[in-house]
Amino acid sequence: MKFKSSVNSARISVIRPCKQNIIYRNTTYIGRGPVTNIRRVLICRPSKKLGDLLLMTPLLQEVTATYPRCKIDLFVKGNLAPEIFRNYNNIEQIIQLPKKPFTQPFRYLKSWMLIRQRDYDLAINVDKKSSLGRLSVKFAHSRFKFFGNSLSESIAQIYFDFKHAAKAPVYDFRFAITEDNIFDLTDRVPYLDLKLDLSELSNGRRILSKIVPEEKKVISLFTYGDKCHSSEWWEEFYEKIRLNFFDYTVIEILPFANVSKIGFKAMTFYSHDIREMGSVIANTSVFIGADSGIMHLASAARVPVIGLFNLTDPLKYGPYNSNSMPIETSDNNVDDIIEILETILLYRLQKK
């Protein structure tokens with residue numbers, strides 16, 4: 001324990017002054033000339049959270065569309081990233097900080113050295129409020145460096161959705177590299193995308209067919225999370241779904257903790273494989289869940305999502321793909337949500 005404590009203290013004493021220096025500097029962009037001839041890119045989001053990593057996917061798509069020949073390295077934390085970004089073919093290297101640096105100090109230092117060893121054309125910090133992200137961009141060798149706040153809030157106000165955690169980095173990137181008028185940058189931000197391939201989607205259908213008989217249409221729920229709603233609320237909501245949508249089967253996507261806020265009344269599914277979970281959700285008609293990493297996984301699986309909010313900010317963390325929407329449950333009761341669900345399902349049927 002003493003060894004771990006001493007290592008952690010040393011790490012903090014080294015990094016804290018660097019963090020403070022990065023936070024209080026006004027630097028938003030370093031580089032000379034137009035941002036062209038970009039072949040190697042470093043994108044920094046040192047987070048281990050599923051949602052944070054999935055919210056990076058619009059920026060990855062935007063960078064790839066802007067520089068189709070570029071190779072991208074990611075600087076992240078934890079072990080989820082290789083699975084999440086498996087089908088992003090232009091990602092060359094994923095540099096992973098350990099979840100608990102003081103238990104693996106040498107691996108932690110090695111990860112930092114890896115971003116120092118390569119020469120990048122462009123380094124991007126995804127979250128402007130992340131001092132560790134800003135520090136990693138400063139630490140890297142790169143011709144151009146974006147720290148995540150090139151787009152001032154006064155200019156950002158022209159975008160009604162500039163606060164969204166998936167969209168803000170894209171708007172910031174566009175503003176940093178363009179020589180055109182900011183008011184011309186009106187293209188839709190790419191949706192979250194797990195890039196599930198045909199074999200994964202087919203496997204999701206097979207798994208779902210073993211849970212739900214007779215190829216019935218499916219509504220998927222995720223009730224777990226400390227950000228929203230009691231068991232009583234979820235049980236009332238589940239009963240309303242069951243009574244109003246009797247031609248649908250409800251399955252509950254279970255968390256790692258194997259906890260159900262509806263008392264396991266519905267059929268259930270759990271997988272430790274993030275991509276497999278996403279492929280099953282992708283084969284359902286709609287996903288309903290509180291703000292969580294699994295909600296963003298459903299968005300990235302391209303299924304319509306109803307995201308339920310009463311603590312976190314839906315303008316920043318709402319589900320982002322086609323036909324999805326956040327709902328603040330303090331302003332909408334269960335019957336209101338049922339009406340919204342009916343509209344989404346009717347629209348889905350009309351599209352088929």
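User: Among contacts in the protein chain between residues at least 6 apart in sequence, what share joins residues at least 24 apart?
Analyst: This is a predicted model, in which local features need pLDDT of at least 70, side-chain atom pairs count only at pLDDT 80 or more, and totals for chains, interfaces and linings use all residues. Residues are numbered from 1 along each chain as its sequence is written, and side-chain values use heavy atoms, with hydrogens and water left out. Contact means heavy atoms within 4.5 Å. Of the contacts between residues at least 6 apart, the share that joins residues at least 24 apart is 63%.

User: How many helices and strands are there in the protein chain?
Analyst: Both are DSSP runs numbered from the N terminus: helices are H or I with at least four residues, strands are E with at least two. By that count, the protein chain has 14 helices and 12 strands.

User: What percentage of the 352 residues in the protein chain is buried?
Analyst: A residue is buried under 20% relative accessible area, exposed over 50% and partly exposed in between (1.4 Å probe, protein chains only). Of the 352 residues in the protein chain, the buried ones make up 51%.

User: Why is helix 3 described as largely enclosed by the rest of the structure, and which of its residues are buried?
Analyst: Helix 3 spans residues 57–66, and seven of its 10 residues are buried, so it is largely enclosed. Those buried residues pack against strand 2, helix 2, strand 3, strand 4, strand 5 and helix 8. The buried residues are Thr57, Pro58, Leu59, Leu60, Gln61, Glu62 and Val63.

User: How far apart in space are tyrosine 191 and leucine 55, C-alpha to C-alpha?
Analyst: Tyrosine 191 sits in the loop between helix 8 (168–177) and helix 9 (198–211). Tyrosine 191 counts as buried because its relative accessible area is 19%. Beyond its neighbours within four places in sequence, tyrosine 191 has contacts that include Thr57, Pro58 and Gln61. Tyrosine 191 and leucine 55 are 136 residues apart in sequence, yet their C-alpha distance is 9.2 Å.

User: Is asparagine 90 buried or exposed?
Analyst: Asparagine 90 lies in the loop between helix 4 (81–84) and strand 4. Leaving aside neighbours within four places in sequence, asparagine 90 touches Thr64, Cys70, Lys71 and Ile72. Its relative accessibility is 11%, so asparagine 90 counts as buried.

User: How many salt bridges does the structure hold?
Analyst: A salt bridge is a side-chain nitrogen of Lys or Arg within 4 Å of a carboxyl oxygen of Asp or Glu. The structure holds 16.

User: With which residue does aspartate 127 form a salt bridge?
Analyst: The closest N and O atoms of the pair are 3.7 Å apart. The pair links distant parts of the chain, 82 residues apart: aspartate 127 is in the loop between strand 5 and helix 6, and its partner is in the loop between strand 2 and helix 2. Aspartate 127 is partly exposed because its relative accessible area is 24%. The partner, buried at 13%, is arginine 45.

User: Which parts of the chain does the salt bridge between aspartate 121 and arginine 143 tie together?
Analyst: The side chains of aspartate 121 and arginine 143 meet at 3.1 Å, N to O. The tied parts are 22 residues apart in sequence, because aspartate 121 and arginine 143 lie, respectively, in strand 5 and strand 6.

User: Where is lysine 99 found?
Analyst: Its relative accessibility is 49%, so lysine 99 counts as partly exposed. Lysine 99 is found in the loop between strand 4 (91–97) and helix 5 (105–117).
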